[in-house]
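This briefing walks through one structural model, topic by topic. Please keep the sequence and the coordinates open alongside the text.

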Amino acid sequence: MDQVAAIAATGNAKAGSEAIAGRKNHLWAFLVVGFFVAVSVGAYAANELYVYLMAYLWFGFIYGMCLQGGRFCFSSAFRDLFAVGVPRMVVGIVIATVLFGLTASLVTANGMSAFHAAPFGVHSVVAGFVFGVGMVFAGGCASSSLYKTGEGNMVSAIVLLSISVTQAALVDAGGFLNKLVPDSWRASAAAKNLPASLTPTDGFVDQYLAGYVWNQPKATFADLLGLPNQSWAGAFVGNFLVGVVLPALAMLVVVYAFWARKGHLKKWKREGKPAGFGADLSGFWSMVMSSKRTAIAGLIIGIAAGLHMLVIEGLRRKFGIDNAGDILKAVGHDFGLSVKGTVFDPGYWYVTTQEAQWFGWLFNKLGWNNTTNIFFGLENGIPNPVFNLAGWMSISLIGGAAVMALLNNEFKFKKPTLELALWAVIGGSLMGVGARLGLGCNVGAFFVRTANGDTSGWLFGLGMVGGAYLGVKFFSWWTERKMAKEMAAAPDLQL
Amino acid sequence: MAMKFEKISDGLYSLDVKGYVCPHPQLYTKSALSKMKAGDTLQLLFDNASSGESIASMCDKNGDEILEQITDAGSFKWTIKKC
């Protein structure tokens with residue numbers, strides 16, 4: 001009886017401590033939400049124009065909740081496919097892309113889209129490749145590093161720092177990097193007649209942008225079919241059906257054929273069911289539904305991303321502005337505006353540019369004159385992070401993820417080991433380089449562009465898949481090497 | 001904290017990958033299971049929530065059975081029987 005009583009007491013004590021931990025987590029979740037409510041209310045009280053900030057902030061919060069809840073990671077999508085043969089995340093991303101494509105097409109067809117296609121070419125694939133290797137090394141893509149930071153994962157926080165610092169430094173880096181620039185790029189950059197405050201022939205990224213990228217063609221699938229983007233035919237047939245649905249379907253068929261079909265047909269046969277088209281159809285559907293959690297997250301992200309575009313464009317029209325720089329000028333916080341008077345204000349979900357701006361601002365305050373380059377000086381500016389309206393989207397994404405993790409008892413503060421910190425720095429740097437060469441990350445250069453029918457999005461994605469494959473090959477070798485060492489050191493593990 | 005793979009008793013192994021982030025927990029789990037015999041059991045300890053979904057899908061795909069899943073303040077203890 002004593003033993004039973006002791007077990008019962010232990011069980012009660014454990015349940016009690018879990019309840020206390022749960023209550024603490026809920027309290028922290030309320031505090032995080034309270035912080036963002038306070039920022040929103042305070043900003044709105046200061047000026048009505050800050051409703052623009054609130055839009056970015058709360059869409060970021062939704063993205064954070066969805067990413068954490070669905071474990072939504074673009075790196076995991078391709079990495080887990082190649083590393084452990086699991087297709088669930090690729091499926092989730094395809095669902096999100098198709099849903100976003102649908103909502104984006106609605107917005108575009110109604111003339112409310114702020115989206116512009118990016119130049120495409122070999123550079124899109126190369127940039128995606130560098131980014132893809134980086135996201136496997138780092139243990140997550142640019143967006144998942146944000147949500148994992150919200151889970152208390154300090155390795156991801158290091159990744160975030162590494163991406164940000166690398167970008168902020170790279171966009172202004174000249175010196176020996178200038179020697180890598182072909183003469184044709186330099187000449188072309190010089191001929192662009194950019195404002196006198198800029199130095200487009202000094203710095204690798206400047207010459208890469210003005211001397212090469214800007215000379216490349218831009219095209220959506222609607223453009224390729226000769227349809228106007230802002231028409232129902234262009235938006236739905238060109239950009240959505242041909243640009244999103246068909247490639248997405250082809251991707252799912254390939255994933256099913258190579259990674260899911262064999263296992264499904266084996267199971268199907270074991271259950272004594274007849275082979276044939278029905279078996280494959282059932283297998284395809286069960287692959288799509290293999291993780292409801294991820295699929296639901298993809299569904300909400302897809303819809304939210306489209307609504308985000310609509311809301312921002314609506315606010316621009318309501319306030320009669322083209323760019324958030326107009327708001328900063330109106331409220332008197334005009335430090336760090338670009339030479340055109342603008343700041344980074346994509347009008348949709350974006351991750352890496354605002355991260356580069358945070359450190360661009362910091363470097364500038366520390367005495368680095370980094371406003372003569374195209375990235376900061378001409379296009380995005382370096383506003384104070386507190387007044388970086390799009391920047392709040394990333395801060396609140398971390399917050400949304402933290403709230404979700406706290407509510408699900410999954411928040412854990414994790415200190416990085418030296419090994420993981422090293423991979424985080426290397427992976428983050430590669431992602432930073434890939435993001436600047438590709439004009440965006442897995443969200444800005446892939447997710448947003450593919451969903452809007454931009455050809456460059458699929459090229460970046462192609463490179464990203466190749467990079468992820470190489471990264472997985474490396475890590476598989478690394479894991480086996482460490483496992484072999486562990487087993488060699490333990491005589492009872494000679495299996 | 002370093003990864004630890006050890007034999008607890010005949011047919012029962014332990015893999016501790018706490019502190020590791022993606023993709024390490026799933027890669028180590030795959031590697032450990034590949035070295036075990038059918039019917040052996042693995043006690044897996046990890047604290048990277050995102051890896052759980054991948055490991056569960058991997059087990060489902062390969063037919064390995066997850067006998068128990070315990071979550072405690074962001075740490076996970078799963079018992080997996082290799083098919």
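Leaving aside neighbours within four places in sequence, Phe335(A) is in contact with Pro383(A) and Asn384(A), where contact means that the C-beta atoms of two residues, placed from the backbone, lie within 7 Å. The model is predicted, so that local features need pLDDT of at least 70 and side-chain atom pairs count only at pLDDT 80 or more, whereas totals for chains, interfaces and linings use all residues. Residues are numbered from 1 along each chain as its sequence is written, while chains are lettered from A and ligands numbered from 1 in the order in which they are written.

**Surroundings of Phe335(A)**
- Phe335(A) sits in the loop that lies between helix H14 (324-331) and helix H15 (352-365) of chain A, helices being DSSP runs of H or I with at least four residues and strands runs of E with at least two, numbered from the N terminus.
- Phe335(A) counts as partly exposed because it has 14 C-beta neighbours inside 10 Å; a residue is buried with 20 or more other C-beta atoms within 10 Å of its own, exposed with 12 or fewer, and partly exposed in between.
- From C-alpha to C-alpha, Phe335(A) and Ala138(A) are 33 Å apart in space, and 197 residues apart in sequence.

- Not counting residues up to four places away in sequence, Leu57(A) touches Phe36(A), Val39(A), Ser40(A), Trp392(A), Met393(A) and Ser396(A).

**Interface between chains A and B**
- In this interface, 39 residues of chain A are in contact with 29 residues of chain B.
- On the side of chain A that touches chain B, helix H3 (74-84) and helix H20 (455-489) of chain A each supply at least two residues, and the largest share, seven residues, comes from H20(A).

**Sheet of chain B**
- Chain B has an open sheet of five strands in the order S1-S2-S3-S5-S4, with mixed pairing, two strands being paired if DSSP finds at least two bridges between them.
- Its edge strands, each pairing on one side only, are strand S1 (4-9) and strand S4 (65-72) of chain B.
- S1(B) and strand S2 (residues 12-16) of chain B pair in the antiparallel sense over five bridges, and Ser9(B) has Leu12(B) in S2(B) as its bridge partner.
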